[in-house]
Each structure stands twice: as structure tokens, then as C-alpha cells.
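Please look over the sequence and the model below before reading on. The notes that follow take up helix packing, the nonpolar cores and a handful of individual residues.

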Amino acid sequence: REERLGPGAVVLRNLARDRAAAILAAIDPVLAAAPLRRMITPGGSPMSVRMSNCGALGWTSDRRGYRYVERDPLDGRAWPPMPDLVREIGRDAAARAGFPGFEADACLINCYEPGARMSLHQDRDERDFGAPIVSVSLGLPAVFLFGGPVRKDKPLAIPLRHGDVIVWGGPARLHFHGVRPLQDGEHPLTGHFRYNLTLRKAG
Ligand code: MD5
Ligand code: FE
């Protein structure tokens, strides 16, 4: 059950479905130690998506810009370790998409509530664009916007459901992308939320 969205972008429908409850349980203590928070864009606006991280590096944003840091800016402590199950699904998904040997050192946890969205952007804060990014969708469904190499390319709207995993590598690695405002709903495992885990080799 693989769909290719374009060169480098592979959708693995339901890959995480059987592991979803275990993944959410593994993320629970992470979020207890490093709580979800609304980060501030360099322009000064709070993002609608709440975020946290686990792994050696964590993505952060504030008025000084976007970057990866070893410590949670809220308390100065190292980010919680990445659960083995999370690391393994990254490895598994990347290998299926043609990227054997992928080892994530950063996992960004995005939490969407109804109305939360992500505007079109590129992921450019990682050191090596040759490594893919693996994203795992959990909970409420969302419409993902998959654009092209330049902002004006009209994005394709892709529905993403609980358990879907996408690997973004090759040319797709630097494509513009976003997420439409989340529609309200109720999911048996996550209630009114959508979680997205984004596994990266950042350092
Ligand atoms: C999300 N998160 O659904 C997405 C999943 C982010 C973010 O975009 O930056 O936190 S990752 C989607 C992604 C990553 C890299 C490349 C492409 C998409 N792409 O080429 O479309 O919360
Ligand atoms: Fe992104």
C-alpha cells in the first residue's frame, strides 16, 4: 500500500496503525516532561499548532529565528529521549521508501486542535537535505498541502488519516507544504486532536 505523490514523496497508508496506541503511550511521558507549547514565529506571532520534541535535538522558534537546540528552552534541560518505537518506525518507513540506514536524531511533535493549521513553508533548518523526513499522522484526519519547489506552485490536497506515514526525500525534501485548518471531530485515541510526529536527521 504505497502511493508515490511525486519524485521522493511516498505515502505509506496505515503503516503506523497497529502501533498507534503504543506510540501515543510512549509520547505521553515525553509531553509530561516537555509540555506542548505554542512557539513564536520570528515575526512575533504565536503558531496555532502546539509543539514539543524528543531526541538529541529539538526544533524551536522564537523572535531570533528557527533552529535546532539540544535543550528545551522552557527549562534548560535536555529534550526527553526518543522512544525506541518512534525511532524504529522512522527507520522502517524510510527503508520502505528507499532510504535504508535512516537514523532520526530529532522528533518534532505537532499537536493540532480544531482550527489549527500550518501555512506553506519549506523545512530548511536541517544540516543535510540528503536525509529524508518521515511524518506519522495520528488521531483526527487532516488535509495536507503538497506544493512544489517554489511557493507559487499550486499545492495538491492530500487527505491524511490516523496511521498514515509519509517519507519525504529526494526532490520532495524541499517542497513547499502545509496543513489546512483542522476540522473538529472525535478520535477514539486522541479525542479532539491530531498529532504529527516528524522524524528528522537534523544534526
Ligand atoms: C505536519 N509538519 O503534518 C507536517 C508533517 C513541519 C511539518 O510540515 O514542518 O513540522 S512533515 C511534512 C513535510 C516535511 C518535509 C517535506 C515535505 C513535507 N514536503 O515536501 O511536502 O505537521
Ligand atoms: Fe514542514
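Predicted model: local features only at pLDDT ≥ 70, side-chain atom pairs only at ≥ 80, totals over all residues.

Residues are numbered from 1 along each chain as its sequence is written, chains are lettered from A and ligands numbered from 1 in the order in which they are written, and side-chain values use heavy atoms, with hydrogens and water left out. Helices (H or I, at least four residues) and strands (E, at least two) are DSSP runs, numbered from the N terminus.

**Packing of two helices**

- Helix H1, residues 20-33, packs with helix H2, residues 84-96, at an angle of about 130 degrees, and their axes are 9 Å apart; the axes are lines fitted to C-alpha atoms, for helices over the stretch in contact, and angles run from 0 to 180 degrees between N-to-C directions.
- That angle makes H1 oblique to H2, because angles under 35 degrees count as roughly parallel, over 145 as roughly antiparallel, 65 to 115 as roughly perpendicular and the rest as oblique.
- On the H1 side the contact (heavy atoms within 4.5 Å) is made by Ala22, Ile23 and Ile27, and on the H2 side by Leu85, Val86 and Ile89.
- The residues of this contact divide into six nonpolar, no polar and no charged, where Ala, Val, Leu, Ile, Met, Phe, Trp, Tyr, Cys and Pro count as nonpolar, Asp, Glu, Lys and Arg as charged, and the others, Gly among them, as polar.

**Nonpolar cores**

- The largest nonpolar core has 32 residues, and those with the most contacts inside it are Ile109, Val134 and Leu197; such a core is a set of buried Ala, Val, Leu, Ile, Met, Phe, Trp, Tyr and Cys residues joined through side-chain atoms within 4.5 Å.
- Buried here means under 20% relative accessible area, exposed over 50%, and partly exposed in between (1.4 Å probe, protein chains only).
- Among the elements that give two or more residues to this core are H1, H2, strand E6 (106-112), strand E8 (133-139) and strand E13 (194-200), and the largest share, six residues, comes from H1.
- A second, separate core of 28 residues includes Ala116, Met118, Trp168 and Ala172.

**Two residues of strand E13**

- Asparagine 196 has its place in strand E13 and is buried, with a relative accessible area of 6%.
- A polar atom of the side chain of asparagine 196 lies 3.3 Å from the backbone oxygen of valine 136, and a polar contact of 2.9 Å joins the side chains of asparagine 196 and threonine 198.
- A polar contact is a pair of N or O atoms within 3.5 Å; within protein, one must be able to donate a hydrogen and the other to accept it, and residues adjacent in sequence count only if both atoms are side-chain atoms.
- Tyrosine 195, also placed in strand E13, is buried at a relative accessible area of 14%, and among the residues it touches beyond four places in sequence are Leu24, Ile109, Val136 and Thr190.

**Residues in loops**

- Histidine 162 lies in the loop between strand E10 (156-160) and E11, and at 7% relative accessibility it counts as buried.
- The side chain of histidine 162 reaches the backbone nitrogen of glycine 139 at 2.9 Å, and the contacts of histidine 162 beyond four places in sequence include Asn14, Arg17 and His187.
- Asparagine 14, in the loop between E2 and H1, is partly exposed, with a relative accessible area of 34%, and has a positive phi of about 70 degrees although it is not a glycine.
- Methionine 47 is found in the loop between H1 and strand E3 (50-54) and is buried, with a relative accessible area of 16%; the residues it touches beyond four places in sequence include Arg38, Trp59 and Tyr66.

**A residue of strand E7**

- Methionine 118 lies in strand E7, residues 118-121, and counts as buried at 18% relative accessibility.
- Not counting residues up to four places away in sequence, methionine 118 touches Val49, Met51, Asn110, Tyr112, Gly178 and Val179.
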